[in-house]
Amino acid sequence: MMEGENPLFNIIKARFTRPSWAFLLLVVTVVTIFGIQITKNSLFPIESVTGRAGFSGPGGPRTCSGLFMEVQPRKMVKSIIQFGGVGDGKTSNTAAFRKAMGYMDSFRQKGGAQLNVPKGRWLTGSFNLTSNFTLFLEDDAVILGSQDPEEWPIIQPLPSYGRGRERLGGRHISLIHGDSLTNVVITGNNGTIDGQGKMWWDLWWNRTLKHTRGHLVEFINSNNILISNLTFLNSPFWTVHPVYCSNVVIKDMTILAPLNAPNTDGIDPDSSTNVCIEDCYIESGDDLVAVKSGWDQYGITMSLPSVNITIRQVSGTTPTCSGVGIGSEMSGGIRNIIVEDLYIRDSAAGVRIKTDKGRGGYIRNITMRNITMERVKVPIRFSRGANDHPDEKFDPKALPKVQGISIVDVVSVDSRKAPLLLGIEGAPFEDICMKNVSIQGLSPSISWNCEFISGFSEGVFPVPCLELQKNGSSSWCSYS
């Protein structure tokens, strides 16, 4: 926790100032009615979601959480106290959690197991989960990450990254870790997992970090995962990282880190398929949500894309990065992404496409709709040229292909800058569709900044760049 931060205040703020979606939709509607150059009656059209993977059928609530296949009650339920746990915030429970997980693993083929964490403050190093398992945090239960780096062991780098994301070689394991698992739930009665990341941020700031920091929660090669109804605080690095996973649901979460905490992304689905991120409030020092799929030549070689990901009803703030980012590590490909009902405030960017020469891969079929922003510096941004590569073996001629980006029904108030849309020379971003987009609060002298892009626009204010005023049929630019 950064000096001067009050975790209780932040939790209360997140729980009780999280905006009502009914209110946000009302705000958007009112702003749109009185805005200019927005097509009347075009905002929030009713559409069927029948047949879309992860959504409910006709008449049911609009949700993507159906991707998670419900599990039966676990046959064995025990408390961490039964394994010697002491919840005083000082005693190390690393051995207790690891002992408990060894016992729980014996029930993975015998009806599964559940480990309850009762009220208290449970200090622990990293521990590995097992299949057919539930970790349940009761009300006022807090799991605290150890301040001893030795209790976050070094593991091999991910093959799609080729090295640690921050440092060469291996990387620290996540506090709560799962590899090659199925049917895992992390949930509770609004309990908390606090990574106590300041120690790690100091190492990064002081340039004394030897290995890449660990995540708060990471699943690798896992299937049917649910994370819900908890508060995650102060992750050392990216907070939730499902990589090479499928059928992952992350919902009803509050994720908080100090706004200057480095690289504390909220949720980063990476080379994963069928992911639902829903009803989450996030404050962080980096992207609230970032979709990834590997880094340069290592991601290209592995060629494992992120596919069929829905991000909906997410709100929050990040003064340094974006509400939702696609990339920049996207070398395995990213496609079929839906971002909807987003509320972003006081942030550097609202929605952002990020890539670079050397990335290769592709980004295509991205739909972003029903987005409200307040006091966002650059509401819509496509960026290039991060010059961020794993090593000198990357191929600068490996150019990404970006095509089919639909941005519909967007209102940004008190905007600071016009959209900044920069494609890549030799690999222009194509088929960019913008409809019913209102960027308000700009000086009349401010204009869009576009380069190496092409597409179509309708009902956009202020008037977009010429590259988005494509002549001819707009049938490909339909509401999807």
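Modeller: Here is a short tour, starting with the ground rules.

Modeller: This is a predicted model, where local features need pLDDT of at least 70, side-chain atom pairs count only at pLDDT 80 or more, and totals for chains, interfaces and linings use all residues. Residues are numbered from 1 along each chain as its sequence is written, and side-chain values use heavy atoms, with hydrogens and water left out.

Colleague: How many helices and strands are in the chain?

Modeller: The chain has 5 helices and 30 strands. Both are DSSP runs numbered from the N terminus: helices are H or I with at least four residues, strands E with at least two.

Colleague: And what share of the residues counts as buried?

Modeller: Of the 480 residues, 60% are buried. Buried is under 20% relative accessible area, exposed is over 50%, and partly exposed is in between (1.4 Å probe, protein chains only).

Colleague: New topic. How much space lies in the largest pocket?

Modeller: About 390 Å³. Its lining has 20 residues, and the closest to the centre are Arg165, Ser328, Glu329, Lys354 and Asp388. On a 1 Å grid over the protein atoms alone, a pocket is an open set of points with protein on both sides within 12 Å along at least five of seven lines; a cavity is a set where a 1.4 Å probe fits but cannot get out; lining residues have an atom within 4 Å of a point. Points join across faces, edges and corners, and volume is the space filled by probe spheres set on them.

Colleague: Which classes make up the lining of that pocket?

Modeller: It has 11 charged, 5 nonpolar and 4 polar residues. Charged is Asp, Glu, Lys and Arg; nonpolar is Ala, Val, Leu, Ile, Met, Phe, Trp, Tyr, Cys and Pro; the others, Gly among them, are polar.

Colleague: How many cavities of 30 Å³ or more are there?

Modeller: The search finds 3. The largest cavity holds about 90 Å³. Its lining includes Arg165, Trp238 and His241.

Colleague: Now Arg416. Where is it found?

Modeller: Arg416 is in the loop between strand E26 (401-413) and strand E27 (420-422). It counts as partly exposed because its relative accessibility is 45%.

Colleague: What does Arg416 touch, beyond four places away in sequence?

Modeller: Arg375, Val376, Lys377, Leu442 and Ile446. Contact means heavy atoms within 4.5 Å.
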